[in-house]
Every structure is written in C-alpha cells, then in structure tokens.
Amino acid sequence: MVAVSAPSLPLSHVPWRARLGEFLLVGGITPFLFLIAWKMRATFGVYTTQYAWGFSFFYLAFVINDPHFAVTYLLFYRDFRRRAFGDAFTPWQRARYWVSGVIAPIALLIWGVFALATKSAPALGLLIQLMFALVGWHYVKQGFGVMMTLAARRGVRFSAWERWTVLAHCLLGWAYAWASPFDPGRLVEEKGVVYPTLAHPHGLLEITRFAFFASVVPLVVVLVRKRVREGRLPIFTPLTAMLCSVWIWSLYSNANPIVVYALPALHSIQYLYFVWLISRNEGKAREGPPNFEASASLRIGVLAVTALGLGLVLFHIGPSALDDIFVPHKSEARRTDLGSTPYFAALYAFVNLHHYFMDWVIWRRDNPLTRYLGRQA
C-alpha cells in the first residue's frame, strides 16, 4: 500500500468509539497483545500459552489472513476490460496494471511450473526466498501508506520531502530486517521444501542497522518541525500504524515468541480495514440515485463471503488437491527435498508475490477506487 490523497474529515465530528476502533485496527492493539501474552505466560506457563496462541491464530487465518490475500484479486480484476484496455486508468497506471495483472503472474507461474516439473528444490527455494525478501517491503510500504492516508483524512499534509523522509525510514527498516540475522548460507525448510539460502554479504547487517537508526534523526526532525510550524498534529493513530508496521511487525517481529503468531493477522486486519472503508463508502455512494444499486451492507457481505471462499481455494482446497493428484506417495516424497506438499509451497509463494504486485496498482492516488477513502459515511 502506498499513500493516497484523501479529503480531510473533521476529527471532532468522528465519534470516539470510531476513533478508538480505527486506532486498534490499524495497529494500536499490538502493544496490548504483549501485555496479554505476558499475563497469560505468568498464569498458564510458556508452553500452554504458546500452544493456545498458535492454535488460535492458525484457525483465525482462515477468516483473516487468507481473505486478505483473496480480496486483493477481487478488487484488482474487477472491471478488467476497462482497466486494461479502456479509459479507467491513466496510461502510466494502465502500464502498471498490465505488469501486475498479466506479466507478473505469467512469469511467476512459469517459474513455479519449471521448479515443479524439474523437481528442483533450489529453484522453488529461490521463489520462496523472493517472497520472504519482499514481505518486509510489503509490510513497511503498507505502514507508510496507512500513515499518509490517515494523516490526510485528518487534514495533515506532508510535503514531498517530508514524505520521502518517512518512506526512507520505512524502507531502511525493511533492509535492516531482511539483513538480520546474518545468513552465511545454509539449508532451511519451508512448507516441506528444503533449499539452500543465498548468503548475505559480510557487513550488510552492520550497514543496514546503522542506516536505519540514522534515519530516525531526520524522521524526528521532520515531525518536530512540522509540529512547530503547523501547530497541533492529530497523527497519533497514523504514526502508530507506521511504527508498528516497521518496528514490531517487520524489524523486531521475534521480540516475543508468542505475539509473533499474531503479526500476520495484525497486518491483514490493517489491510482489511481499508478494504472495508473503500467498499462501504463506494456502496453508500452507489446505493442511491442515479445508480440505485445494492446496499452497502449487501455489497460488503458478498465481498466478504467471496473472499472467504476464494481464500479457501487458494490456500487449502486448491493446493491440497494438486498435491494429492501429483504427489501420490506422500510418505516417500516427505524424504525428498521438495517434501510432500510442493504444490502448496509453490502456490503459497505465488499468491504472496502476486499480492505485492497487485497492491502496487490498487493503493495509488491515480486509482479512481481510492477516492472513496476520503468519504465520510
């Protein structure tokens, strides 16, 4: 997600419950989860608490994490003909749409098919490593976009230089997170696939760590100068969303072995909040004259049910069927480098990577859909 422009809404006119709900949904609940985890560990012990959290968030993924990926497809490929060939997008945005919606998935599909057809764990491992390398980028870019969008909704605008300062802090956080810990090259296993990792260059960890912490200084300077120049800045919630995305969800995601189970869900909830915001406001705008379409509640309900179903297909029904068909002897396959669920591993990496590409198109200022972010229902 990148920043989109949104008309400001008077914060005083928004009920405190809505403001509190937004704060919690975009990341503000994260510190409270640390307190809950600490209390549960003190009461029930480490292993019981870890089991309970792992079990809970594994099944919550069916209704939070998986739909967050699936709904991107529903938003992206809606009205495909007009977006790809018509006048729905500007030429530059249309080029992005073609890259993300046609070229990228074909390239990823060829990569995955080649790895599976040749039974190459290293080739499939490279696809998985690309997914892990970009997931941090995806998290921090979403945090940046959430901060800019929520700040704009509060009437706070950032200049180009200020935006680049915030974005640099986010991207350097991603670089530091990817470089940490130092990886000399080793064999790892993911979704049953055993593959060699790409070794990190010596000094990369130290360089990225220094650059990230150095970026804190201009970030603080920008915020302080903006506060002095413009007066009160109602950006506590936007700033919390960005800092949680960078510092906790990406950089220090292993700070607590229990809370780490919740981080993908927190990122997905932050994402789904904006999907709900757009869908609600678009529905409100189109349920009256001159369109008289289905109510906003019905549209959101249909979108939610469809995303749930598509999520089941993408992450459970589809890969399970492919592995059952093409990997018939799973007990024997488990002893190979590809494991017994290589199609699940390939499809998992494909959907994640394609999700990043599609977000590159959806959450932009020149996407007509994002104009609904600024509407007050």
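Analyst: Here is a short walk through some rings, charges, strands and cores. This is a predicted model, in which local features need pLDDT of at least 70 and side-chain atom pairs count only at pLDDT 80 or more, while totals for chains, interfaces and linings use all residues. Residues are numbered from 1 along each chain as its sequence is written, and side-chain values use heavy atoms, with hydrogens and water left out.

User: Why is Trp247 called partly exposed?

Analyst: Buried means under 20% relative accessible area and exposed over 50%, with partly exposed in between (1.4 Å probe, protein chains only). Trp247 has a relative accessible area of 25%, so Trp247 is partly exposed. Tyr252, at 34%, is partly exposed too.

User: What makes the aromatic pair of Trp247 and Tyr252 tilted?

Analyst: Rings of Phe, Tyr and Trp (its six-membered ring) pair if their centres lie within 6.5 Å; planes under 30 degrees apart count as stacked, over 60 as edge-to-face and the rest as tilted. Here the centres are 6.3 Å apart and the planes make 35°, so the pair is tilted.

User: And why is the pair of Tyr271 and Trp363 called edge-to-face?

Analyst: The angle between their planes is 80°, and the centres are 5.6 Å apart, so by that rule this pair counts as edge-to-face. Both residues are buried.

User: How do you know that the charged end of Lys191 sits over the ring of Tyr348?

Analyst: A charge sits over a ring if NZ of Lys or CZ of Arg is within 6 Å of the ring centre and within 35 degrees of the ring normal. For Lys191 the distance to the centre of the Tyr348 ring is 4.2 Å. Lys226 lies over the face of Phe158 in turn, at 4.8 Å from the ring centre.

User: What makes β1 and β2 a pair?

Analyst: Two strands pair if DSSP finds at least two bridges between them; strands are DSSP runs (E, at least two residues), numbered from the N terminus. β1 and β2 have four bridges, in the antiparallel sense, so they pair. Glu190 has Val193 in β2 as its bridge partner.

User: Which residues touch the most other members of the largest nonpolar core?

Analyst: They are Leu124, Ile128, Val193 and Phe274, in a core of 52 residues. Such a core is a set of buried Ala, Val, Leu, Ile, Met, Phe, Trp, Tyr and Cys residues joined through side-chain atoms within 4.5 Å. A second, separate core has 21 residues, including Phe144 and Phe212.
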